[in-house]
Amino acid sequence: MTVTYPLLVNALIAGLLMGGFYAALSVGATVAFGLLDIVNIAHPTFAVVGAYAVLVVCRTFNVDPMLAGVLLMPVFYAAGTLLYRVYYHFFERRGDDAMRGLAFFFGLMFVAEVVLIMLFGVDFRYVQAPYITTTWNFGAIAVPLRLAVPFVGSLVMLAALELFLKKTFIGRAVLAVAQDPFALRLVAVSPERIKRIAFGVACASAGLVGAFIIVIEPLQPSVGREFIGRVFAICVFGGLGSLPGTLVAAISLGLVENLSTIFIGASWSPAVAFGALVVTLAWRPSGLFGRG
Amino acid sequence: MANWRFVLIALCVAAGVFGLTAWLNIDYLFFAGYVILQYVVLATAWNILGGYAGYMNLGVSAFFALGAYTTIALQTAFKAPLPITIPAAGIVSGMVGFGLGYLTLRLKGIYFAIATLALAVVAETFVTNWEYVGGSAGAYVLHSRQGPWFGSYTEYLFLLMLALATLAVVVARRVERSQFGYGLTAIRDDEEAAEASGVPTLRLKLFAAGLSGALMGMAGAPLPYYLSFIEPGSALNLSYAVTTIAMPMIGGTRTWLGPLIGSLLLATAQQAATVTISSEINLLVMGVLLVGFVMLAPNGIVGWFRSR
């Protein structure tokens, strides 16, 4: 197949837009993994649960999917804090049990997927919104809005999260808890409370990202699995817990994936993320922006 | 108990099980027994790395499917029979376990777990794109109704799996009571202290990852014959991984007995449940059991009895 100039540019644009979405999807996992030491491998599946929740809200109240995603964030925040309480009680409190925690999230991921299959079946589901079917054309260059709207949403979400972490007291406490929970106690801040809030925020992101997922492509219960390799490749490559790193890593992955789609074939794209993950782990486990 | 005596007992038990099922001669018994024994192999194999060393392999389905697809590839190329493809599957899966371990086991266990989970996705991509072994459409494997020596073909597969299960249990027990196993236990308890005391941690982990992967691959090798038809989605089903991890977690991860008890209990219950209730509920129960046992009984059934 001949690679023409417009094809290449369109692939790069699509890669950039998908990369923004990947960043939003990964940010919850990178906050939990990098800052809180909670390896939530179920995060992509939580985002798929979010997508189904968006579907239900859209169908019931006839609202825009993006708005539904924003409305769902408090619900996901509450569920996240509750989940952290469970995690803390059974795993973190007993110490050195990260591996059992991993089995816990792995089990949760599976249970969530089976429940989704039981509730919604394995058919592809989708929502309607004017921008999903619209594409802006600039000559030979096409910008599909179903990718551009989640891209903008992702950037807004990342910026808001970065402001929260850097400018607010609680946000700074979250960054502090990653470094020294004991020091936090000395200034009369409970590390558990801070981690609970932070995990809630990470889960809240899954609600909004759910809206992005269903806007970008039709939804099916097992799509979360395809994201796992990508999400953790991005987390590790971006340097755990760093939001700018996450964005750079996610956009790089989006670009590489889309280029590989035109040069090798679309069906190989999951292998790209895996390759990136393994290469990163083998040669630079602290990631691009990691500390040493 | 000396090792040779345990091997003798294990062989006697296996012979007894086979004698009993052969005497009853109900084909369904072979059919269901095959799956139960397959999980005995998977759970025991998983536990060598996951239980003894505490390194969680979430990509069980990848190793398992790798074994199944090794059989398909060798069958298509040379018409190789199962007694040849099973060891070959062991070599392929063992090498993948070793290779992935080499790239990620120097890091914290969590990175290995994530890499194995991602491996499951990439293995699916790989077999979906590999037309020679059927690609996304899947591949048929035809076999005679009669087994090569006696009885039905299902009985033959059952016998093979019984031999594999015996092998896996004997190997796991041997590992547990050797210097290799003590080293793995030291890694689980405190890797830095183990390293400081002169335990060659990386070498032991690599060897455990290879051995564990090899046994899982061997468990998958007869699958195409058992199902007669195989496609990426079913061979790489995540439920294999969840069930395999749930079994040692429920039985207990510290000894060879734990995965054996867990797999016999769970797989038998599962076989009974598939007949009576829907398979989705079946899977749901498996996931809930895994989560529940991890939360409430971290040392499983064996640990619960030991602590009393």
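In the predicted model, helix 10 of chain A (residues 243-263) comprises 21 residues and extends 30 Å from its first C-alpha to its last, close to the 30 Å expected at 1.5 Å a residue, the expected span being 1.5 Å times one less than the number of residues. Helices are DSSP runs (H or I, at least four residues) numbered from the N terminus. Residues are numbered from 1 along each chain as its sequence is written, and chains are lettered from A in the order in which they are written. Local features need pLDDT of at least 70 and side-chain atom pairs count only at pLDDT 80 or more, whereas totals for chains, interfaces and linings use all residues.

The buried residues of helix 10 of chain A (20 or more other C-beta atoms within 10 Å of their own, with C-beta atoms placed from the backbone) include A:L247, A:I251, A:G254 and A:N258. The buried residues of this helix pack against helix 1 (5-35), helix 5 (145-167), helix 9 and helix 11 of chain A. Just after helix 10 of chain A, A:G265 adopts a positive phi of about 140°.

Between the chains, the contact (C-beta atoms, placed from the backbone, within 7 Å) takes 33 residues from chain A and 34 residues from chain B. On the side of chain A that touches chain B, helix 4 (98-120), helix 9 (223-237) and helix 11 (269-283) each supply at least two residues, and helix 4 of chain A gives the largest share, 15 residues.

B:V291 lies in helix 14 of chain B (residues 279-296) and counts as buried because it has 23 C-beta neighbours inside 10 Å. Leaving aside neighbours within four places in sequence, B:V291 is in contact with A:F104, A:G107, A:L108 and A:V111.

Key:
Buried ≥ 20, exposed ≤ 12 C-beta atoms within 10 Å, placed from the backbone. Contact = placed C-beta atoms within 7 Å.
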